[in-house]
Amino acid sequence: MARRIIDLRSSGRALLDVASYGRSAGVPLTPIQRRQITLTVGRTPEVMVKVSGGARSLGGVEAHLAYIGREGELGVETDHGFQLVGSKFQKQIVPDWDLDLMAHRIQDARSIRGIRRPGKLVYNIIFSMPPGTPPAKVLKAVRRLADNEFALKHRYAMVLHTDEAHPHVHLVVKAVSEQGERLNIRKATLRHWREQFATHLREQGVAANATERAVRGQYASRKRDSIYRAMRRAESTHERKEMVDLVNKSPASIHRYRHGKERLELTRSQVMAGWRAIAHRLQAEGDFGLAEKVHLFVARIPRPLTDQEQLAREMLRKSAVRERNPLERTR
């Protein structure tokens, strides 16, 4: 079996190794690790950090800034602490960040090297918390993170959105630093940002956690942002194709189902075995209360559903709604 690390860390080392079922040669759990376990089994609200694309052209940068700033109605906070408001505020950022010069350099490099697709000028990163979280504290946490990660390196601007139930902050970061280094966002980078975001929220008294989805017993597959948004609008061609394949029981659909089900079941069994090993370690160290909470947490980990199973459930739900309300049939 391939070695798979499920990371419950807040420090630099992995806490739960599901391949070895959590064995650690008698090394006691640290206070930081115990806190992370407590937060996770207590279902502490999870932070969300997501890169929702970026812009590869000056027009794209301005359009995105105008969108998140609601055409100047919201105050967009810069890395220098200024608030930019009013129409056309985005046109101040492009020259201030030297994005026009950067775009010319990228264009020259494309011409010389024959590169078809230009590199991104900026990244858009979304930091979000569940409904009920104080928006001002979300903004303050992101401000601290941005200062720690990007100050004097990458130019950035941010704006708080409260027009949806979950308060969230859009952070626009210049892709190339003032030292000429390009920002590479990897999975480890996002994990680090989630940890820092959660830490800055807890410093303000906000319950926040940052753990892997599988560790929490959540196995929903990640979808590209365009597919996710189309699904929310009920306009997803990807979802419609999946529905047709599912109804027709096409060989490709059956293969995806079986392969996905096997992977989900394997991940769940590994995670549960690792959590049980953690509970045994806690019992051996005399922390019976936390060990019992871990056992309860494991008992409540649901059976995983593939994308096809979730889609089938949604189809049945919609069918039941139409049966109860005939008016739905005409919509």
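1. Helix α5 passes helix α6 in a right-handed crossing, a crossing being right-handed if the near helix is turned clockwise from the far one by less than a right angle, and left-handed if anticlockwise. The two helices, α5 with residues 135-150 and α6 with residues 187-202, pack at an angle of about 130 degrees, and their axes are 9 Å apart. Axes here are lines fitted to C-alpha atoms, for helices over the stretch in contact, and angles run from 0 to 180 degrees between N-to-C directions. The pair α5 and α6 is therefore described as oblique, since angles under 35 degrees count as roughly parallel, over 145 as roughly antiparallel, 65 to 115 as roughly perpendicular and the rest as oblique. On the α5 side the contact is made by K137, V138, A141, V142, R144, L145, N148, E149 and F150, and on the α6 side by H192, W193, Q196, F197, H200 and L201, where contact means heavy atoms within 4.5 Å. By class, the residues of this contact of α5 with α6 divide into eight nonpolar, four polar and three charged; Ala, Val, Leu, Ile, Met, Phe, Trp, Tyr, Cys and Pro count as nonpolar, Asp, Glu, Lys and Arg as charged, and the others, Gly among them, as polar.

2. On the basis of the note: this is a predicted model, in which local features need pLDDT of at least 70 and side-chain atom pairs count only at pLDDT 80 or more, while totals for chains, interfaces and linings use all residues. Residues are numbered from 1 along each chain as its sequence is written, and side-chain values use heavy atoms, with hydrogens and water left out.

3. The protein has eleven helices and eight strands, which are DSSP runs numbered from the N terminus, helices being H or I of at least four residues and strands E of at least two. Of its 331 residues, 41% count as buried, meaning under 20% relative accessible area, with exposed over 50% and partly exposed in between (1.4 Å probe, protein chains only). Among contacts between residues at least 6 apart in sequence, 69% join residues at least 24 apart.

4. Strand β8 (residues 168-174) has seven of its seven residues buried, so it is largely enclosed by the rest of the structure. Strand β6 (residues 122-128) runs antiparallel to β8 and is joined to it by seven bridges, with N124 having V172 as its bridge partner in β8.

5. Strand β7 (residues 156-161) pairs with β8 in the antiparallel sense over six bridges, and a hairpin joins β7 to β8 through six residues. Within this pairing, Y156 stands opposite V173, and M158 has L171 as its bridge partner. Strand β7 is mostly covered, five of its six residues being buried.

6. Two bridges join β4 to β7, and these strands run antiparallel, with E77 standing opposite M158 in β7. Strand β4 (residues 76-78) also pairs with β5 in the antiparallel sense over two bridges, and there E77 stands opposite Q83.

7. In helix α2, the residues V61, E62, L65, A66 and I68 are buried. Just after α2, R70 takes a positive phi of about 50 degrees.

8. Helix α9 (residues 251-284) and helix α10 (residues 288-299) have axes that come within 8 Å and cross at roughly 165 degrees, and these two helices are therefore roughly antiparallel to each other. Their crossing is left-handed. M272, W275, R276, A279, H280, L282 and Q283 in α9 meet F288, L290, A291, V294, H295, F297 and V298 in α10. By class, this contact of α9 with α10 has ten nonpolar, three polar and one charged residues.

Notes
Pairing = 2+ DSSP bridges.
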